[in-house]
Amino acid sequence: MTREPAAPAELTDAARPALLSLLGACADTKLILGYHYLEWTFGAPALEAGIAACAMGQDELGHARVLHGVLQQAFALEPEHLVEHRPAAQFASASFLDKPLPNWPAVVAANAFVDLAASLVLESFRGSTFGPIARIVDKMLEEERHHHEHGRGWFGLLIRRGGAARQEMVAAARDALVSVQEFIGPPAEDAEAALLESGIRRLGTAEVRMRLGEQLSDLAEFAGLDEDEVLPGGSLCVDPRAIAWTEWGPARRRVGTSGPDEELLKHLRGTKNVQYRKA
Amino acid sequence: MKRHDPNVYEVFARIAPGDPLCHIGNVNAPADELARVYALKVYDEEDWSEVWVVPRRSIVTERRASVATRREES
């Protein structure tokens, strides 16, 4: 018998913080990722690449907005507060996105790795017993399919091109992949059991990490990449044991206390033009 | 764009299932997999049910000189 997806009020005390951690991090990552994609509407290597970046940016901001709706419904968090009023140190976005992306390989790394990781975390909620997320996740993942094709295509192209393009792509990939592991979470996250047992989340962190590893292996093969060139150990997947998990917290799903650049947040929020907002 | 530019892909669309394909434009892409994504994003506003993305270099063309001459004369 199929169980009717749960309403927000049915979340247990154990499940609530774990769900907030994952959905909050996905929403923040999509918000900042959308900003970066949209910044690269201009300056991309070709008009078509700029149009694709713009379209992906619109998708991400739309997904962030939908996730903010879920956070509002489930946790009484106001979207305006989440976007406009939180200090940078409260954002749970993937740390690779903290600063302006300096070049096209960095955009490709955000696209091929950070965007992919956010999708894999959301995929772990497919078929969730928690209605508000179950109802939105399939459509988001369908739109994300084109993002992954784009990231994969450019990653392969820049790696195969060799020279400076390859070196810059490798450097950006290395930074993005560490950030992605922090975002996915530690090998044993205490609160995970509450989500899995209730069926709110269908795949645990270990499974998400395994799927990421499969996707990265496939990507490396597609690009003709010597995986040792990116990370020691012959895999694009950062060994989670190499991360200082003692400095990691579920509220921000990253190591350390850094956050998105203040100027980036001001631009995203339109702080300079706030006086024009109301009559 | 040159006739044999390897980066040019022609985009054809079918408005409704069963309709003939019609040419709606082209995209410039450095690889096949990107051409598909670009065609979807660039022509997203078009009302199509299916698109075909074809490398221009793969299209075989033939011209009928007599027809071209007749049209020029008329």
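**View 1. Chain B and its overall build.** In chain B, which has 74 residues, the buried residues come to 18%. The model shown here and in the views that follow is a predicted one, and chain B carries an average pLDDT of 88, with 95% of its residues scoring at least 70. Because the radius of gyration of chain B, 15 Å, is well over the 11 Å that the globule rule gives for 74 residues, the chain is more spread out than a compact globule. Taken along the principal axes, the box filled by the C-alpha atoms of chain B is roughly 40 × 30 × 15 Å. Of the contacts in chain B with a separation of 6 or more, 48% are between residues 24 or more positions apart.

**View 2. The contact between chain A and chain B.** Chain A brings 12 residues to this contact and chain B brings 14 residues. On the side of chain A that touches chain B, helix H2 (47–75) and helix H5 (131–161) each supply at least two residues, and H5(A) gives the most, with 7 residues. Sorted by class, this side of chain A is made up of 6 nonpolar, 3 polar and 3 charged residues. For the model, the scores are ipTM 0.76 and pTM 0.89.

**View 3. The packing of H5(A) with H6(A).** Helix H5 of chain A packs with helix H6 (residues 163–184) of chain A at an angle of about 130°, and the axes of the two helices lie 6 Å apart. Angles over 145 degrees would count as roughly antiparallel and those from 65 to 115 as roughly perpendicular, and H5(A) and H6(A) are therefore oblique to each other. From H5(A), the residues that make the contact are A:Phe155, A:Leu158, A:Ile159 and A:Arg161, while H6(A) contributes A:Gly163, A:Ala165, A:Arg166 and A:Met169. By class, the contact of these two helices has 5 nonpolar, 1 polar and 2 charged residues.

**View 4. The surroundings of A:Glu39.** A:Glu39 has its place in helix H1 (residues 15–39) of chain A. Because a residue needs 20 or more other C-beta atoms within 10 Å to be buried and 12 or fewer to be exposed, A:Glu39, with 18 C-beta neighbours inside 10 Å, counts as partly exposed. Although A:Glu39 and A:Leu268 are 229 residues apart along the chain, their C-alpha atoms are separated by 9.9 Å.

Conventions:
Residues are numbered from 1 along each chain as its sequence is written. Chains are lettered from A and ligands numbered from 1 in the order in which they are written. This is a predicted model: local features need pLDDT of at least 70, side-chain atom pairs count only at pLDDT 80 or more; totals for chains, interfaces and linings use all residues. Two residues are in contact if their C-beta atoms, placed from the backbone, lie within 7 Å. Helices (H or I, at least four residues) and strands (E, at least two) are DSSP runs, numbered from the N terminus. Ala, Val, Leu, Ile, Met, Phe, Trp, Tyr, Cys and Pro count as nonpolar, Asp, Glu, Lys and Arg as charged, and the others, Gly among them, as polar. pLDDT is the predictor's confidence in each residue, from 0 to 100. Axes are lines fitted to C-alpha atoms, for helices over the stretch in contact, and angles run from 0 to 180 degrees between N-to-C directions. Angles under 35 degrees count as roughly parallel, over 145 as roughly antiparallel, 65 to 115 as roughly perpendicular and the rest as oblique. The radius of gyration is taken over C-alpha atoms; the globule rule is 2.2 Å times the number of residues to the power 0.38.
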